[in-house]
Amino acid sequence: MGLIPLLRSRHILSRGGPGDEGLPHLRVLTDSWAVGDVAGENQGASASEDHGRYRRADNKAQAVLHEGDLGRRVVTSRNRGATRMSAFTPQAASADIGVFGLGVMGANLARNLARNGYATAIFNRTPARTEKLMAAHGDGSEGIFVPASELDDFVASLSRPRVAIIMVKAGPDTDIVMEQLALRMEEGDIIVDCGNSLFSDTIRRERRARELGLHFVGAGVSGGEEGALWGPSIMPGGTIESYTRLGPMFEKISAHYEGEPCCAHVGADGAGHFVKMVHNGIEYADMQVIAEAYDLLRKGLGLSPAQIAEVFSTWNEGELDSYLIEITAEVLRQKDSHSGCALVDVIVDQASQKGTGKWTVQTALDLAVPVTGIGEATFARGASCATPQREAARGLDAAALPLTISEPDTFIDDVRRALFASKLVAYSQGFDEITAGAQVHEWNIDKAAIARIWRAGCIIRAGFLDDIASAYEADPELPLLLAAPPFAQRFEQCLPSLRRIVALAATSGVPIPVFASSLSYFDQIRAERLPAALIQGQRDFFGAHTYQRIDKPGTFHTLWAEEGRPEEQWD
């Protein structure tokens, strides 16, 4: 697919207005285009100001790029009079790194790079965002920005080997931008996708880039808007060669924990985005089980959101110390400015999602890895948005007992311990998925390093990640995180509380999908023998799917339809 069909397929091209004969064109608001061979180029030349890195020309105009002009460096401009924008033409090879896409995350990442001493080229398909960033932060106080109004100029401004970061919506838009950059880059240049892309898409893009002599890096970035600005956790994949160029910059702008950067090379092609996907899956489970703990405290003790906030603040001073526990207290303390009620009480009880939790569960199913906590958390978001089903079910009899708590302090401590145990299950399952993914895709992922780079900057940062790192350093082939010291002992200490909470919630009709699934997973994984033997017998009965025996090697099938039902060995 060429560039024109790609652009048209995503509605980047619009139809021409009056006088344009309905031709497809790309509208870019600008004052004038300060590049060669532009009709009326000198109209704004006298107003240009040279900042050493770029030239700005002020002249009221709107550029119209027709289909036949796509890929050319110059366009014609025509006066419009009402709109006032600026065109930026940077010096060649004047930037250390570039950011394509200046939404909040992209702009903040660019500011982070510039503030840390890297001359940062910036470009946005809608020039107004470039103009906005330069107006707010282009005075040099945050470092050097190298703005460009033309994509050709953006790429030319990058020092070789060029590094261009894509910060656009994950999906087809990323493919479009990648192809646009690839057309203008040279062998050895590096394209970096810092969006939340599906790892399999990253594998495909890396293969495509390799065919063109380029490097493609899928880098997971966690920490939200503030993290992008002040230091996120960064999980880059790609080649070792690309990390040699990119790594020092990413390590410098990342969050730091006790002096160590929260950034490390994760593995080849899609490994970075795979690990970020699992990170987000753990985040789903963590958030859901925190919400379940809140629900139990509120329904069981009748506490207000502000009172529960104090409980969470106290918990955050102990083994539950984590970013999500911290912000939970902040959210519960917040008052609604309109009603004066707790903000949480005026928010519609529907939790949306962008897809990374779903991807984590789908991939785990492909890998046959049980991530039950993540799965239940993802389904819980779906259930919260199932309005017709929820309305239809409200009249049904729950056959539940009253939730009566006779010892509030004991109950609060039980919820705390159950919460900690369930969080451990979510992390253990997440690392199991990382292990399985690394085996299938032949990634050499250092799980101890992953735990270390999650200790700061990211959403699931937590105090016990130090212990997770130590566990995988002691045994890189650790089969089950829950069974490793000190987690085995800590989980055993919390287990009675988890059982009490699950039993109490079940008899009282309080939904606790992650608490319950965490306990069920533990009981499954520790069981000496599971009823799966019956399932395999059923499969052999209706589908001749065979089975193995406990007393001798081989694959067997019972001839269920024959008299006497003899057994035969198939190998």
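Pairing requires at least two DSSP bridges between two strands. Helices (H or I, at least four residues) and strands (E, at least two) are DSSP runs, numbered from the N terminus. Ile190 has His215 of strand 13 as its bridge partner. The model is predicted: local features need pLDDT of at least 70, side-chain atom pairs count only at pLDDT 80 or more, and totals for chains, interfaces and linings use all residues. Residues are numbered from 1 along each chain as its sequence is written, and side-chain values use heavy atoms, with hydrogens and water left out.

Strand 13 is mostly covered, with 8 of its 8 residues buried. Buried means under 20% relative accessible area, exposed over 50%, and partly exposed in between, with a 1.4 Å probe and protein chains only. His215, Val217, Ala219 and Val221 point one way from the strand. Phe216, Gly218, Gly220 and Ser222 point the other way.

Of the 571 residues, 52% are buried. Contacts (heavy atoms within 4.5 Å) between residues at least 6 apart in sequence join residues at least 24 apart in 68% of cases.

Helix 9 also contributes to a cavity lining. On a 1 Å grid over the protein atoms alone, a cavity is a set of points where a 1.4 Å probe fits but cannot get out, whereas a pocket is an open set with protein on both sides within 12 Å along at least five of seven lines. Lining residues have an atom within 4 Å of a point. Grid points are joined across faces, edges and corners, and a volume is the space filled by probe spheres set on the points. The count comes to 1 cavity of 30 Å³ or more. The largest cavity holds about 30 Å³ of space. Its lining consists of Asn196, Ser197, His273, Lys276, Met277, Thr356 and Trp359. Helix 9 and helix 12 (356-367) each give two or more of these residues. Helix 9 gives the most, with 3. By class, the lining has 2 nonpolar, 4 polar and 1 charged residues. Ala, Val, Leu, Ile, Met, Phe, Trp, Tyr, Cys and Pro count as nonpolar, Asp, Glu, Lys and Arg as charged, and the others, Gly among them, as polar.

The second largest pocket holds about 300 Å³ of space. It is lined by 14 residues, with Thr435, Ile445, Lys447, Pro476 and Glu477 nearest its centre. Helix 15 (408-441) and helix 16 (447-453) each give two or more residues to this lining. The largest share, 4 residues, comes from helix 15. The pocket lining divides into 8 nonpolar, 3 polar and 3 charged residues.
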